Amino acid sequence: MRGGAALALVLAAASASAAASQAPSSRRVEVSRDLTVVQADGAISVEARPLDGETPIEFAARISANEETAREILALPGGPSRERAVVVPYAALADEMKRAAVVALFPSDVRATAGWLHIAVGDESLASVAGWFTGRPELAGALAAENGLEGNSVAKGTTVRVPAEFLLRPFRDAEALDESEPPQLVFGEDAGGRYAMYRLRKKEALYSAVVVRFTGRVHAPDVIELAGAIAKRSGIEDVHAIPVGYPVKIPLDVLAEEFLPADDPRSKARALERAETAQFSIPARARGLKGVRIVLDPGHGGRDTGTIHGGLWESAYVYDVAVRLRKVLSEKTQAEVVMTTKDSRLGWNVSERDVLAPRRTQVLLTDPPYELEDPVLGVNLRWYLANSLLKRPGPERKRIPPERTVFVSLHADSLHPSLRGAMIYVPGERFLRDRYGKRGGAFAPYREWREQPVVSFSRKERIASEGASTSLAGKLVGAMRRRDLTVHPFSPVRTHVIRSGREWVPAVLRYNLIPNRVLVEIANLANEEDRALVATRRFRQEVAAALAEGLVEFFGGELAPSAPPPAVAAAATALDAQEVYGPADFVGPWPRAASAKPSSGKKPAAKKPVTKPKPKRPAPRG
Ligand SMILES: [Zn+2]
């Protein structure tokens with residue numbers, strides 16, 4: 001693909017490029033103010049400008065396939081700027097940009113397990129299709145054979161399957177959708193307004209098959225209320241006795257975006273948002289998580305118990321998953337793991353019990369530590385802590401770039417009891433504010449607040465974090481599925497919470513500046529089967545192992561589940577580094593008291609790599 005010929009880079013004023021759109025068979029998709037994708041006569045190019053908050057150098061590096069192209073872009077007369085777009089041909093684009101261009105031009109394309117399914121939007125040539133997805137137009141013949149097509153032309157609406165082994169990285173790496181039959185919705189309008197009609201199949205219930213699946217509602221009161229409204233609108237008298245095939249009418253205004261008809265403005269807006277965030281879907285490469293900092297946030301603790309069902313406290317169980325994940329990462333990767341909370345009695349030791357006793361002894365590791373008395377203050381201090389960590393140096397005082405920093409908040413859900421499985425929230429760009437901050441008051445004593453009381457996000461940061469976090473969430477979900485852990489059956493990765501008629505991003509993600517950030521709901525504690533699983537060590541260990549695998553994969557690596565742990569020395573170094581530079585620095589007597597105790601002598605030192613043999617150095621502050 002590196003033909004060596006000079007790339008046809010052109011600087012174009014945004015308005016002058018209209019000429020391109022007059023060519024026959026050309027399409028322009030304006031993804032945002034800063035990105036337009038053009039397809040003309042089989043060739044794809046993008047017109048791009050630096051985003052608000054992005055320097056020309058960052059911009060050139062981001063969109064270019066290689067340094068040579070980046071240099072050419074910067075050398076263009078006048079250079080790229082907020083006022084001048086650069087036109088870059090497809091082959092010269094970075095992987096992320098190729099993916100963004102394809103998502104914009106071909107929104108119906110899917111990554112299936114069998115490869116990439118491309119649906120022609122006009123009359124296309126097989127050589128172009130091969131070029132776009134494999135980088136090798138000469139594979140046209142192979143694609144023709146694969147798809148039973150004759151000649152080089154592909155008629156509009158034809159599906160071309162590009163086998164996975166031929167795909168360019170951005171398409172090969174895209175998370176495959178499972179290929180269960182897509183639901184059939186029929187759109188119509190009656191006196192009550194526009195609706196989507198769905199016919200119930202055997203064994204399907206209104207709550208799960210319709211409300212949860214098509215409207216995105218998951219909280220019990222919302223599900224029940226909306227099921228009532230939909231039943232009424234559809235003329236259903238008894239929601240427990242709906243005949244198979246009965247037409248259920250879902251009002252269009254409650255339909256989740258992904259099911260809206262393609263011409264609906266909401267669905268168009270969402271498609272463009274996806275194309276825009278796809279530019280940032282591929283993160284930095286870091287084999288074995290070297291140079292990566294992972295901030296693990298057990299989402300509750302102290303007086304903030306989280307949800308309680310059947311005697312299980314969310315705080316106790318998510319803490320347990322966090323310490324297990326910390327252990328896996330410390331033993332199998334080179335990541336620097338930083339915990340946001342610590343149990344003042346148990347420390348970060350992994351418990352040997354299935355059922356965990358309720359305890360209120362976790363503290364948030366701010367400076368000074370916070371005993372998590374008030375959940376709201378706690379949640380806000382969590383993101384202040386995350387933002388502060390983003391600026392602290394890593395092991396050996398090295399700077400850790402934001403792209404190599406990850407924030408994982410662990411929770412367990414309390415949803416409609418019919419629902420099972422894990423779900424992951426990412427920060428939806430539309431739901432982030434430009435500027436946010438808390439007034440002093442209760443926050444004033446904390447160093448993290450004083451360092452940066454107000455946060456603000458550039459548009460680039462908002463888009464980039466949705467793209468990168470969505471990609472991370474996809475890897476985590478994929479790893480969970482591979483380990484046969486139950487994942488929410490419909491849209492397990494979500495950009496926002498819908499509850500009581502409002503939509504938002506959880507606060508711990510909303511004001512958090514760490515670009516790769518997710519909130520993982522490990523299971524639904526309101527569901528009996530999920531609850532029984534959560535109350536086993538085995539399940540919690542599997543979740544931790546899956547999350548570790550997903551994290552490694554996100555940075556381009558692979559974590560062999562049965563691989564022997566790396567040399568003890570390496571693991572110990574990583575751990576020492578955490579102890580020195582992590583928030584543990586700032587917790588005064590807490591961690592020392594906890595970690596100095598050899599867990600009441602229960603384990604008579606089996607031949608196990610002891611990870612904290614060193615005398616603690618004095619905390620630098622306090
Ligand atoms: Zn929670």
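Here's a short tour, from the whole chain to a sheet and then a pair of helices.

**The whole thing.** Keep in mind that this model is predicted. With everything shown, you're looking at 18 helices and 27 strands. Of the 622 residues, 44% are buried.

**Stop one: a sheet.** Select β17, β14, β20, β27, β21 and β24: in that order, these six strands form an open sheet with mixed pairing. Now look at the edges, where you'll find β17 (336–339) and β24 (493–494). Each has a single partner strand, so one side of each is left without a neighbour in the sheet.

Next, pick out residues 405–413, which are β20, and 516–524, which are β27. How do these two strands pair? They run in the parallel sense, joined over seven bridges. To see one of the bridges, click Val 408 and find its partner in β27, Val 518.

**Stop two: two helices.** Now select α10 (residues 314–332) and α16 (residues 537–554). Their axes are 8 Å apart and the packing angle is about 50°, so the two helices are oblique to each other. Their crossing is right-handed. Show side chains at the contact, including Tyr 317, Val 321 and Leu 325 of α10, and Val 543, Ala 544 and Leu 547 of α16. What kinds of residues make up this contact? There are 10 nonpolar, one polar and four charged.

Conventions. Residues are numbered from 1 along each chain as its sequence is written. This is a predicted model: local features need pLDDT of at least 70, side-chain atom pairs count only at pLDDT 80 or more; totals for chains, interfaces and linings use all residues. Two strands pair if DSSP finds at least two bridges between them. Helices (H or I, at least four residues) and strands (E, at least two) are DSSP runs, numbered from the N terminus. A residue is buried if 20 or more other C-beta atoms lie within 10 Å of its own, exposed if 12 or fewer, and partly exposed in between; C-beta atoms are placed from the backbone. Axes are lines fitted to C-alpha atoms, for helices over the stretch in contact, and angles run from 0 to 180 degrees between N-to-C directions. Angles under 35 degrees count as roughly parallel, over 145 as roughly antiparallel, 65 to 115 as roughly perpendicular and the rest as oblique. A crossing is left-handed if the near helix is turned anticlockwise from the far one by less than a right angle, and right-handed if clockwise. Two residues are in contact if their C-beta atoms, placed from the backbone, lie within 7 Å. Ala, Val, Leu, Ile, Met, Phe, Trp, Tyr, Cys and Pro count as nonpolar, Asp, Glu, Lys and Arg as charged, and the others, Gly among them, as polar.
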